[in-house]
Amino acid sequence: MATDQRAPILKAFQDALLSRRFEERVIQLSMAGEIPATLHPGAGQEVCQAAAIAALGAEDKVLYGHRGICYMVARGTPLTAILADIAGREGGTNRGKGGVMHIVDVPHGVLGESGTLGGGFVIAAGVGMALKRFGRGQVVVHFFGDGTSNRGTFHESLNWAAVKKLPVIFFCENNGWAVSVPSTVSHAVPDISARAHGYGVPGVLVDGNDAFAVHEVMSEAVARARRGEGPTLIEAKVTRMFGHYIGDRQPYRPDAAEAATRDPLPGFRQAVLDAGILDAAAIERLEQECAARVDEAVEAVRAAPLLDLELALTDAYA
Amino acid sequence: MSVITYQQAVNQAIAEEMERDERVLLYGEDVSIGIFGTTAGLVERFGPERVFDTPISEPLIVGSAVGAAMMGLRPVVELQFADFIFTAGDEVFLKAGMWRFMHGGAYTLPLVIRAASGGAGFGPEHSACPEAFIMHSPGLLCAVPSTPEDAKGLLKEAIRLDNPVLFFEHKSLYGVRGEVPDGEYTTPFGQACVRRTGDAVTIVAWQNMLRRALEAADRLAADGIEVEIVDPRTLNPFDRDTIIDSVKKTGACMVVEEGYRTLGVGAEIGAMLMEEALPYLDKPLKRLAIPDVPIATDRRMAEHIFPSALAIESAVRGLVG
């Protein structure tokens with residue numbers, strides 16, 4: 001491990017752990033009917049997401065995918081705001097307009113998400129155009145799934161980003177499933193990263209469960225983008241541990257039970273211990289801290305008023 | 001005042017706004033030359049960092065404008081043919097139209113999508129006047145300038161507004177000449193213009209249909225029939241008051257449009273008059289529009305289904321007779 005990975009890996013571990021504990025609580029509250037079950041669980045993909053985001057700077061931008069809330073947690077969006085967006089309470093980021101799918105936190109560089117799958121590529125290209133024009137060395141990373149890599153927008157954006165050498169990182173979390181459709185029946189080539197060749201950009205394949213490796217390839221892509229050398233397509237192989245949505249029983253998925261056990265967090269915990277980044281007692285304290293932060297957010301949101309329904313009529317126009 | 005073409009007016013508007021605001025960019029397919037010549041000379045003047053050609057990637061053109069706008073730039077993008085709003089449907093209707101709302105007003109989206117609409121001889125996928133689709137969709141402003149003066153003033157205003165604007169330039173008007181004020185001016189959105197005053201019938205028309213309505217009006221005037229012609233100039237925001245005020249005077253309304261009849265702009269105006277001005281109407285609403293079929297490539301066949309000046313004249317005679 002390079003010594004400069006200690007701080008970002010520690011951050012990634014904290015973010016992944018907090019996201020998991022938070023998501024577990026959100027699912028509990030949803031199953032209990034206290035909040036709507038609108039979340040698409042990110043369990044299994046947080047290690048990858050957190051490690052990638054740990055390679056970014058405060059001025060960088062993120063357009064995220066729909067799986068989980070680790071992206072915003074890792075960027076620093078308060079748990080209370082995220083939960084308020086899910087629960088339809090005051091204190092959220094989009095005041096009922098977008099819910100959990102469209103959490104936005106501009107000061108932390110969280111720019112939002114496309115509701116139509118694959119709709120984010122072209123937005124990311126435009127953000128990259130602006131960042132390049134500003135000339136301050138900022139980058140934007142767009143997280144997306146293997147499924148959306150089949151949209152035409154993927155092609156248009158990667159091509160344009162390559163032509164213009166835009167500071168955009170295309171980060172594919174390949175979990176092998178587009179809702180209920182396995183990539184074996186939707187992709188002729190198993191590795192999304194192989195498509196990079198067609199655009200003349202680097203295509204990097206990485207084990208998404210290996211936080212150190214993810215952080216390293218992401219850091220290289222960020223450095224390349226900051227140098228003005230253009231985009232990188234990163235593909236991280238990850239596991240979608242659960243269904244597409246809360247309550248999805250996955251009758252279409254023969255490996256559903258086995259996938260639920262393929263949790264990268266214990267391995268990440270061990271790696272953090274082995275690298276001497278945290279000891280067992282510190283991890284225990286971190287677990288307690290995460291539980292306390294989740295409790296605090298739940299109580300804050302329970303105390304927050306429901307959104308004023310008249311907000312439905314605002315924000316369509318500036 | 002100086003006399004310039006509608007096309008020159010568009011070019012001047014972009015150039016003036018690029019001159020006064022560094023954040024304004026111009027891009028799209030073939031903008032370096034301008035497929036209709038409209039944007040010619042701008043890359044030479046403002047450089048390839050601010051004026052550039054894109055690949056044939058309409059979703060990218062509009063979607064990237066949304067991304068650039070949320071970061072604080074003010075992109076003016078071109079879709080060449082207005083029909084291509086459907087090629088970039090997700091980006092026009094769901095991204096430009098909804099991203100600000102969906103993200104709780106976290107940012108503004110100051111972008112202008114220019115597209116050439118209408119006209120005969122371009123074929124079913126290059127002839128649309130799709131303003132009714134935009135008028136029907138939340139979050140999108142829509143301008144339909146009819147004169148060089150308005151093309152320049154409305155485009156300058158569109159570039160300065162903080163909301164996405166669909167700016168339709170009618171192909172048949174590009175060569176039309178007209179007076180524009182010298183010096184700085186903008187034309188506000190949401191203010192219709194009464195192009196001709198009269199008391200017989202209120203005609204609502206814009207762009208090429210406005211020209212035909214004015215032509216019909218001259219012939220009707222020879223017989224002592226004075227129609228009032230209202231040009232809405234923008235369809236969102238839409239100036240209802242000017243139309244209602246005119247109808248109070250004339251008691252009759254006719255809408256002439258180069259869009260499809262069913263659920264067209266005329267249908268909305270008719271419904272609005274039913275709700276807000278029925279006591280003033282002495283006669284049923286009259287709509288002249290394109291029947292609900294695609295527009296054939298053959299120019300004569302296209303003109304056969306477009307409202308003509310003669311048809312407008314005849315419809316007015318029917319209303320007042």
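**A tour of two chains**

Start in chain A: where H1(A) and H7(A) cross, the crossing is right-handed (left-handed would have the near helix turned anticlockwise from the far one by less than a right angle, right-handed clockwise). You are looking at a predicted model, where local features need pLDDT of at least 70 and side-chain atom pairs count only at pLDDT 80 or more, while totals for chains, interfaces and linings use all residues. Residues are numbered from 1 along each chain as its sequence is written, and chains are lettered from A and ligands numbered from 1 in the order in which they are written.

**Stop 1: the helix pair**

Select residues 6-31 of chain A for helix H1 and 211-226 for helix H7. (Helices are DSSP runs of H or I with at least four residues, strands are E runs of at least two, and both are numbered from the N terminus.) The two pack at about 120°, with axes 10 Å apart; axes are lines fitted to C-alpha atoms, for helices over the stretch in contact, and angles run from 0 to 180 degrees between N-to-C directions. That angle makes H1(A) oblique to H7(A) (under 35 degrees is roughly parallel, over 145 roughly antiparallel, 65 to 115 roughly perpendicular, the rest oblique).

Now show A:Pro8, A:Ile9 and A:Ala12 from H1(A), plus A:Ala211, A:Phe212 and A:His215 from H7(A): they make the contact (C-beta atoms, placed from the backbone, within 7 Å).

**Stop 2: where the chains meet**

Zoom out to see both chains: 32 residues of chain A are in contact with 32 residues of chain B. On the chain A side, color strand E2 (110-112), helix H5 (120-134) and helix H6 (152-164), which each supply at least two residues. Which element gives the most to this side? H5(A) does, with 9 residues.

**Stop 3: the sheet in chain B**

Hop over to chain B and find an open sheet of 5 strands, in the order E9-E11-E10-E13-E14, with mixed pairing (strands pair if DSSP finds at least two bridges between them). E9 (193-196) and E14 (286-290) stand at the edges with a single partner strand each, so one side of each has no neighbour in the sheet.

Select E11 (residues 228-231) next: E9(B) pairs with E11(B) in the antiparallel sense over 3 bridges. Click B:Val194, and you'll find its bridge partner in E11(B) is B:Val230.

Helix H10 (residues 265-276) of chain B lies across E10, E13 and E14, running at about 150° to E13(B).

Methods. Contact = placed C-beta atoms within 7 Å.
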